[in-house]
Amino acid sequence: MKAAVFQEANKPLTIEDVDIVDPRVGEVLVRTVCSGVCHSDLHFVDGLWQLPSACVLGHEAAGIVEAVGDGVTYVKPGDRVIMSFRPFCGKCYYCLGGRPNLCSDPEINAAAATRLQWKGKPILQFASVGSFAEMMVTSENGVVKIPDEMPMAEASLIGCGVMTGVGAALYTAQVPGGAEVAVIGCGGIGLNIIQGARLAGAGKIIAIDIVPSKLELATKFGATHTINSKDTDNLPEAIQDITGGMGVEYAFEAIGVPDAVTQAFAITRAGGTCVVVGMHPLGSQISVPGPDFLQEKKLVGCMYGSTRFREHMPKLVDLFLQGRLDLTSLVSRRLKLEDVNEGFRAMKAGEVARSVLEISSL
Ligand SMILES: [Zn+2]
Ligand SMILES: [Zn+2]
């Protein structure tokens with residue numbers, strides 16, 4: 001099959017002929033229809049995170065089940081699915097505690113290391129997905145079935161950015177109705193935090209970014225106020241002006257830059273919650289003032305929007321089909337697999353909410 005292979009940081013991906021295994025016990029073969037190009041893929045291309053060897057990136061995808069291995073009961077050939085980049089084992093401490101997004105089963109990663117071969121050597125299928133390729137093999141616990149009326153470009157985005165962003169608001173922070181919320185960073189994740197807060201019925205949703213076009217888009221997704229942080233050297237004051245001197249009850253950092261967390265924590269009011277959603281570079285440290293914890297401020301992490309995939313992804317599909325979740329405006333451009341490097345360029349330049357690769361047709 002054709003796949004875009006990542007070989008080295010700061011080098012373009014190249015289109016190669018890669019072999020993929022037949023689905024083994026409990027696994028499914030999925031034909032990739034659409035894959036988003038996400039910032040987390042870019043982190044590896046830029047060398048901020050490291051991968052062991054050549055690999056196939058891409059982790060935000062939707063496709064059609066082509067074949068299933070022995071023992072698979074959840075899906076059958078022809079089913080449409082969203083890929084999950086955290087397949088769950090169903091048996092570990094986290095899975096049994098209702099937090100499959102934190103599943104730590106090492107067998108899942110081991111399996112992902114043995115599914116692809118290139119030039120006779122095994123190469124890693126990133127995050128058990130590897131969607132910059134025509135086909136994907138994963139555990140049946142790595143797919144979520146969706147109805148046939150769900151369009152595939154929109155479905156693919158639920159696989160990472162939408163589930164992470166909307167989930168950060170609904171499930172990690174559990175934003176209540178009327179809450180005052182701020183989101184730092186209005187890219188693919190930030191826009192979805194904003195619409196998650198809107199779905200939760202937040203009262204004020206303050207979008208913060210340095211790119212005017214992103215702030216415009218943020219308004220479309222539900223922001224009630226926008227701040228271009230280039231125009232102010234005192235963000236906490238600008239936030240206080242909007243919140244009656246209080247700061248926000250929920251602040252979200254959606255860039256992956258340590259200083260942005262410091263800022264997000266600074267604009268969180270006493271008793272409030274600051275959620276770190278961005279993927280921070282390996283080795284980075286975050287700095288916040290220790291005495292602030294006497295104000296019962298909470299600083300919390302977020303993995304995949306604290307989702308229970310099989311429950312929450314179909315709910316997001318439903319909200320989209322009802323017209324209450326905007327996925328279509330996130331699809332800024334549709335590209336071919338061969339254009340994946342252009343997708344990265346456009347993302348770095350801040351030109352797009354998402355580029356979606358259309359890898360095969362339905
Ligand atoms: Zn992602
Ligand atoms: Zn588990």
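## I194 and its neighbours

I194 touches V183, C186, I205, A207, A218, F221, G222 and A223, leaving aside residues up to four places away in sequence. Contact here means heavy atoms within 4.5 Å.

## About the model

This is a predicted model, where local features need pLDDT of at least 70, side-chain atom pairs count only at pLDDT 80 or more, and totals for chains, interfaces and linings use all residues. Residues are numbered from 1 along each chain as its sequence is written, chains are lettered from A and ligands numbered from 1 in the order in which they are written, and side-chain values use heavy atoms, without hydrogens and water.

## The zinc site

Which atoms coordinate the zinc ion (ligand 2)? They are the SG atoms of C89, C92, C95 and C103, at 2.3 to 2.4 Å. Donors are N, O and S atoms within 2.8 Å of the metal (3.2 Å for Na, K and Ca); water is not among the atoms, so sites may look incomplete. Along the chain, the donors follow the spacing C-x2-C-x2-C-x7-C.

The arrangement is tetrahedral because the four donor atoms subtend angles of 104 to 116°; the term requires all angles of four donors to lie between 85 and 135 degrees. C95 is buried, at 14% relative accessibility. C103 is buried too, at 8%. Buried means under 20% relative accessible area (1.4 Å probe, protein chains only).

Definitions and conventions:
Four donors count as tetrahedral if all angles lie between 85 and 135 degrees; four count as square planar and six as octahedral if opposite donors are over 155 degrees apart and all others between 65 and 115; anything else is irregular. Buried means under 20% relative accessible area, exposed over 50%, partly exposed in between (1.4 Å probe, protein chains only).
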